[in-house]
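Have the structure open as you read.

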Amino acid sequence: MGTKGRATPRIVCCAIPIARAAGKVLVVTSRKRPDSWVLPKGGWESSDVKLEDAASREALEEAGVRGTITRFVITIPTPSATYHFYELDVNSLEQEWMESHERRREWVDYAEAVRRLEWKKELSQGLKLSSLAPSR
């Protein structure tokens with residue numbers, strides 16, 4: 001996969017929504033692949049002051065999540081996109097949100113989240129480097 005006509009790879013900001021006390025991660029279904037799960041993510045826009053602002057915006061749009069970015073995790077470059085991962089401690093969930101009619105969301109434990117994200121290598125890799133990952 002190339003840069004899809006762009007001169008440079010797309011900048012993608014990814015939230016890892018966490019219910020810290022429960023040790024759970026919120027995953028959402030992909031719009032393009034409704035049977036596959038992803039983390040809320042999307043392109044950085046000029047209205048986003050910082051990369052973490054884009055991650056927060058995407059979490060609200062795609063998962064109806066409000067919270068606080070608490071940690072930068074990693075940047076993962078691929079040929080088509082550069083992914084920036086941020087942990088987001090969830091404060092509340094909207095019952096209706098921008099993409100609620102296009103996506104499902106589900107709280108899962110860390111191991112289940114990794115399993116569901118394995119189809120998209122960069123997403124599982126970002127999660128595996130988060131503070132929820134078991135100590136080695």
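Buried here means under 20% relative accessible area, with exposed being over 50% and partly exposed in between, using a 1.4 Å probe and protein chains only. Y83 is buried too, with a relative accessible area of 6%.

Before going on, a word on where the values come from. This is a predicted model, so local features need pLDDT of at least 70 and side-chain atom pairs count only at pLDDT 80 or more, while totals for chains, interfaces and linings use all residues. Residues are numbered from 1 along each chain as its sequence is written, and side-chain values use heavy atoms, leaving out hydrogens and water.

Searching the whole structure turns up two aromatic pairs. One of them is Y83 with F85, which is stacked, at 6.3 Å centre to centre and 25° between the planes. For the cut-offs, rings of Phe, Tyr and Trp (its six-membered ring) pair if their centres lie within 6.5 Å; planes under 30 degrees apart are stacked, over 60 edge-to-face, and the rest tilted.

What about disulfides, meaning pairs of cysteine sulfur atoms within 2.5 Å? There are zero in the structure. For C13, the nearest cysteine sulfur is that of C14, 8.9 Å away, which is too far for a bond. C13 counts as buried at 0% relative accessibility, and C14 is buried with a relative accessible area of 0%.

How values were computed: Disulfide = S-S within 2.5 Å.
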